[in-house]
Amino acid sequence: MTKVPTPADGYKKLKEGGMVDPGTSKFFHTGTWRTFRPVWDEKKCIHCQICTAYCPDDCILTKGKDPKTVKRTETDMRYCKGCGICKEVCPVKCIEMKPESEFND
Amino acid sequence: MIRKVMTGAAAAANAMKQINPEVVPVYPITPQTPIAMTFAQFVADGEVDSEMIRVESEHSAMSATVGASAAGVRAMTATSSAGLALMWEIVGVASGCRLPIVMNVVNRALSSPINIHCDHSDSMGCRDHSWIQIYSESGQEVYDFNLIALKVAEKVKLPAMVMQDGFITSHGSGIVELLDKKIAKQFIGEYTPEHYLLDVDNPITIGPLALADFTFEIKRQQEEAMKLAKKEFLKACKEYKKISGKNYGFFEEYELKDADVAIVVLNSTAGIVKEVVDSMREKGKKVGLLKLNLYRPFPYAEVAEALSHLKSVAVMDRSYSYGADAPLVGEIKNSLFDVPKRPKVQSIVFGIGGRNIYEEQIEEVFENLLNKKIGDVIHLGCRE
């Protein structure tokens with residue numbers, strides 16, 4: 001099981017040299033770093049999956065397992081850093097990057 | 001046991017041959033080059049299984065050594081002077097990631113002026129880099145300390161550097177007794193790291209980002225490991241004595257127990273001091289030597305005990321700590337702070353940039369101590 005180091009851990013409890021177990025990135029919500037938010041237009045999307053393959057943080061979620069019918073769904077905003085790669089690679093331009101200041105959530 | 005005449009550099013290469021590290025990334029630099037050269041011959045002749053990586057700089061040499069060690073194998077390298085300086089950033093990464101790398105450092109002056117000869121400014125410059133530091137008087141000690149260093153490093157998960165004086169030791173020949181290959185192998189044992197990158201069943205991240213929330217604790221761990229290294233060093237020396245008959249410790253006490261005055265020094269200069277001690281003892285003068293082997297971790301209490309009976313002590317540094325006490329004398333003064341009747345300390349800086357040191361000069365140092373002529377720092381051998 002993944003042990004996540006916490007700031008409550010004393011030096012004896014931590015692994016030497018700051019080594020960490022795998023999977024800890026799940027616990028760090030890097031979405032708070034975002035300045036621009038990708039807004040996805042579901043109607044325009046052809047579900048080609050290029051964006052899901054290119055997303056460096058694997059945070060474009062999908063539905064279904066068959067490559068022929070798999071659909072992309074929303075971006076996981078807990079982890080999306082707003083890099084805009086999905087927008088750049090989209091062949092039908094269905095993703096727009098909007099400043100976070102335009103949102104209230 | 002095999003007795004052979006060889007240089008200090010060859011002694012280091014022969015220790016590496018018996019350790020047989022999986023990876024040796026190394027970049028040539030005077031006067032370290034004969035270590036890399038001799039080892040390259042072993043590789044070419046198929047006498048070792050090591051993969052030797054010819055890197056383009058020392059920064060890369062240490063980076064590749066760190067990479068190999070983190071991957072889970074034994075990795076060694078060697079350097080001198082500017083090479084060590086260029087490695088600097090990654091030297092700290094090795095200790096920060098707790099990788100038990102052993103590196104031979106052939107002491108040479110740092111630029112500028114550019115100078116290829118011996119002083120200790122290179123290794124002393126990184127004395128606070130969390131590496132175990134062992135200083136060797138001779139090729140024999142270089143060989144022995146390589147094996148001991150590896151044992152301690154792997155036990156406490158800290159890297160270690162073994163020093164020898166550039167040219168004086170590295171290119172000077174002497175008799176070196178090598179252990180039987182099998183006995184040496186038995187002494188160092190198999191390397192079985194607890195965590196390593198190529199352990200695909202137990203994936204791990206090594207060298208992550210840690211800010212104000214974790215770095216302090218990680219550095220504290222290094223400090224605790226250093227404390228442990230002191231104990232483990234003695235343990236390894238004891239074990240080494242059983243197979244070699246050689247009796248090593250934190251330091252060597254030469255005619256010290258009943259001495260009135262003594263010199264403290266590192267590396268090859270101890271040899272010339274021993275000569276002078278012998279000749280002065282013949283004349284009935286109670287002089288002695290403490291030759292320090294383990295500089296990091298520093299054995300404060302033990303040094304204090306060994307020196308506490310003296311009237312005075314001259315500490316000879318082969319490097320400056322500009323604007324402060326030189327690296328060795330500062331530590332000796334620290335050691336003696338709690339001794340109630342502590343000896344007077346004379347600081348001497350000598351041999352900078354390979355300036356020769358002669359018996360008459362050492363004799364004068366002893367005479368001054370015996371005549372209670374103790375004062376400001378002496379820049380021994382420097383023209384006024």
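**Notebook: cores, buried residues and salt bridges**

I began with Pro297(B), which sits in the loop between strand S12 (294-296) and helix H10 (300-307) of chain B; helices (H or I, at least four residues) and strands (E, at least two) are DSSP runs, numbered from the N terminus. The peptide bond that joins Arg296(B) to Pro297(B) is cis, with omega about -5°.

Before going on I noted that this is a predicted model, in which local features need pLDDT of at least 70 and side-chain atom pairs count only at pLDDT 80 or more, while totals for chains, interfaces and linings use all residues. Residues are numbered from 1 along each chain as its sequence is written, chains are lettered from A and ligands numbered from 1 in the order in which they are written, and side-chain values use heavy atoms, with hydrogens and water left out.

**Backbone entries**

I looked up a further cis peptide bond, between Ser112(B) and Pro113(B), where omega is about 0°; Pro113(B) belongs to the loop between strand S5 (102-107) and helix H5 (121-125) of chain B.

I then turned to positive phi values. Phe167(B), although not a glycine, has a positive phi of about 65°, and I found this residue in the loop between S7 and strand S8 (173-178) of chain B. Its relative accessibility of 23% makes Phe167(B) partly exposed, where buried means under 20% relative accessible area, exposed over 50% and partly exposed in between (1.4 Å probe, protein chains only). Lys157(B), also not a glycine, has a positive phi near 60° and lies in the loop between H6 and strand S7 (160-165) of chain B.

**Cores**

Next I looked up the largest nonpolar core, which has 100 residues, and noted that Met62(B), Ile132(B), Tyr143(B) and Ile148(B) have the most contacts inside it. Such a core is a set of buried Ala, Val, Leu, Ile, Met, Phe, Trp, Tyr and Cys residues joined through side-chain atoms within 4.5 Å. Helix H6 (residues 139-156) of chain B gives the most to this core, with ten residues. Domain 1 (2-244) and domain 2 (252-380) of chain B both supply residues, so this core lies between them; the domain bounds come from an automatic or database domain assignment.

I listed the contacts (heavy atoms within 4.5 Å) of Met62(B) with neighbours within four places in sequence left aside, and they include Thr77(B), Met87(B), Ile101(B) and Trp131(B). A second, separate core of 22 residues includes Tyr254(B), Val265(B), Val276(B) and Ile348(B).

**Buried residues**

Asn146(B) lies in helix H6 of chain B and is buried at 0% relative accessibility. Beyond four places in sequence, Asn146(B) is in contact with residues including Ala12(B), Met76(B), Asn104(B) and Val162(B).

Gln18(B), in helix H1 (residues 8-19) of chain B, is also buried, with a relative accessible area of 12%. Not counting residues up to four places away in sequence, I found that Gln18(B) touches, among others, Tyr143(B), Leu147(B), Asp180(B) and Lys181(B).

Gly288(B) lies in strand S11 (residues 287-292) of chain B and is buried at 0% relative accessibility. With the same exclusion of residues up to four places away, the residues that Gly288(B) touches include Tyr254(B), Val261(B), Val277(B) and Phe366(B).

**Salt bridges**

I noted 33 salt bridges over all chains, each being a side-chain nitrogen of Lys or Arg within 4 Å of a carboxyl oxygen of Asp or Glu.

Glu47(B) and Lys17(B) form one of them (2.8 Å, N to O); Glu47(B) lies in the loop between helix H2 (33-44) and strand S3 (51-54) of chain B and Lys17(B) in helix H1, 30 residues apart. Glu47(B) is partly exposed at 37% relative accessibility, and Lys17(B) is partly exposed at 23%.

Lys157(B) came up again, in a salt bridge with Glu194(B) (2.8 Å, N to O), and Glu194(B) is exposed, with a relative accessible area of 53%.

Glu331(B) lies in helix H11 (residues 327-336) and Arg296(B) in strand S12 of chain B, so the pair ties together parts that are 35 residues apart in sequence. Glu331(B) is buried, with a relative accessible area of 8%, and Arg296(B) is buried, with 12%. Salt bridges that share partners also join Glu137(B), Glu141(B), Glu252(B), Lys274(B) and Lys291(B) into one network.
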